[in-house]
Amino acid sequence: MLQPLSLVTRAFARGPITRPTAIEPGGRVAQTTLRTAAVLGLMTVLAACQSTSDGPAVTAIALDQNQGLDQNIASLTQTVSANPRDPEALNVRGTAYGRAGKYDAAIQDFTTALQLDPNFYQAYANRALVYRQTNQPSKAVQDYSAALQINPNYDSAYIGRGNVYRVAGRNREALIDFQRAIDLNTTDPRAYHNRGLLYQIDGQHKQAIEDFSTAISLQATAPEPYSGRGVSYLALGDEENAFTDFNAALKLDDKKAEYWTNQALVYERKGDRGRALKSYSRAAQLDPKYQPAKDGMARTRGGA
């Protein structure tokens with residue numbers, strides 16, 4: 001996944017790839033439904049790639065599950081009990097609750113922290129992340145906007161709000177937010193990855209490749225930008241680079257049906273129906289409901 005969140009008192013909100021992704025690094029965000037397309041068409045791959053990123057449902061709060069263990073929460077509760085008017089302590093415990101999936105408790109802690117310190121913009125962004133996780137996008141946008149009103153240079157809030165807009169199909173507003181984060185010289189790879197997805201949807205594949213490459217340079221261990229870049233390479237007819245990127249994504253995460261389907265599509269385009277069927281089958285095994293994999297199996301089954 002992209003950019004795991006650090007458990008820093010006022011910096012938790014650096015949370016989510018993508019899929020044309022919901023809570024991000026730091027929590028899970030919503031999924032977007034993408035169109036599938038013609039046999040062997042690029043949109044089949046694009047659907048696969050984009051059903052995954054900051055969103056796929058991108059997970060953020062859950063990335064460091066150790067921070068959400070009961071014993072850690074118990075220790076943080078002792079700290080809060082000793083300092084009940086310390087917004088920093090509440091923010092940290094709220095982060096742990098969020099990672100543990102205890103979203104109501106997380107929201108309560110962030111809300112109390114904000115009551116104690118109305119200018120605690122990171123707590124707004126953290127609460128927004130949980131609202132995204134719990135499918136409350138309008139509240140998430142309100143909180144990200146509140147954080148930005150306090151600190152207009154908070155890149156993570158632009159990225160978080162941009163992802164909410166992107167999931168909702170409000171691509172122009174999403175692009176403005178991602179661009180703003182990039183103009184602020186963010187080092188968060190999600191800004192570039194997500195802007196690349198928007199360029200990709202718009203058919204601007206050279207620009208998309210540049211953004212995916214930047215995201216990879218910032219975090220080489222995230223599979224989503226490799227998959228996204230491979231889609232754009234394939235759209236430009238560069239099967240070799242596409243294949244290399246799809247394989248790189250699989251090396252980093254071989255549990256995603258989308259990545260196996262992307263690999264299979266290149267095999268199919270090259271006429272290697274046997275290997276294509278094997279990869280499509282692996283994708284269908286991982287996600288029996290993934291339609292591009294099922295369609296690919298139907299097309300290639302006779303060539304195995």
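Where is threonine 221 placed? Threonine 221 sits in the loop between helix H10 (205-218) and H11. The model is a predicted one.

**Threonine 221**
- Threonine 221 is exposed, because its relative accessible area of 56% is over the 50% cut-off.
- Aspartate 253 lies 32 residues from threonine 221 in sequence. In space, the two are 9.6 Å apart, C-alpha to C-alpha.

**Valine 231**
- Helix H11 spans residues 223-235, and valine 231 lies in it.
- Is valine 231 buried or exposed? Valine 231 is buried, because its relative accessible area of 0% is under the 20% cut-off.
- Valine 231 and asparagine 241 are 10 residues apart in sequence. Their C-alpha atoms are 9.8 Å apart in space.

**Helix H13**
- H13 runs over residues 257-269, with 13 residues in it.
- From its first C-alpha to its last, H13 reaches 18 Å. That is close to the 18 Å expected at 1.5 Å a residue.
- Why is H13 largely enclosed by the rest of the structure? Of its 13 residues, 12 are buried, so the rest of the structure largely encloses H13.
- The buried residues of H13 include Ala257, Tyr259, Trp260, Leu265, Val266 and Tyr267. Glu258, Thr261, Asn262, Gln263, Ala264 and Glu268 are buried too.
- Residues three or four places apart in an α-helix point the same way, because the helix has 3.6 residues a turn.

Terms used. Residues are numbered from 1 along each chain as its sequence is written. This is a predicted model: local features need pLDDT of at least 70, side-chain atom pairs count only at pLDDT 80 or more; totals for chains, interfaces and linings use all residues. Side-chain values use heavy atoms; hydrogens and water are left out. Helices (H or I, at least four residues) and strands (E, at least two) are DSSP runs, numbered from the N terminus. Buried means under 20% relative accessible area, exposed over 50%, partly exposed in between (1.4 Å probe, protein chains only). The expected span of a helix is 1.5 Å times one less than its number of residues.
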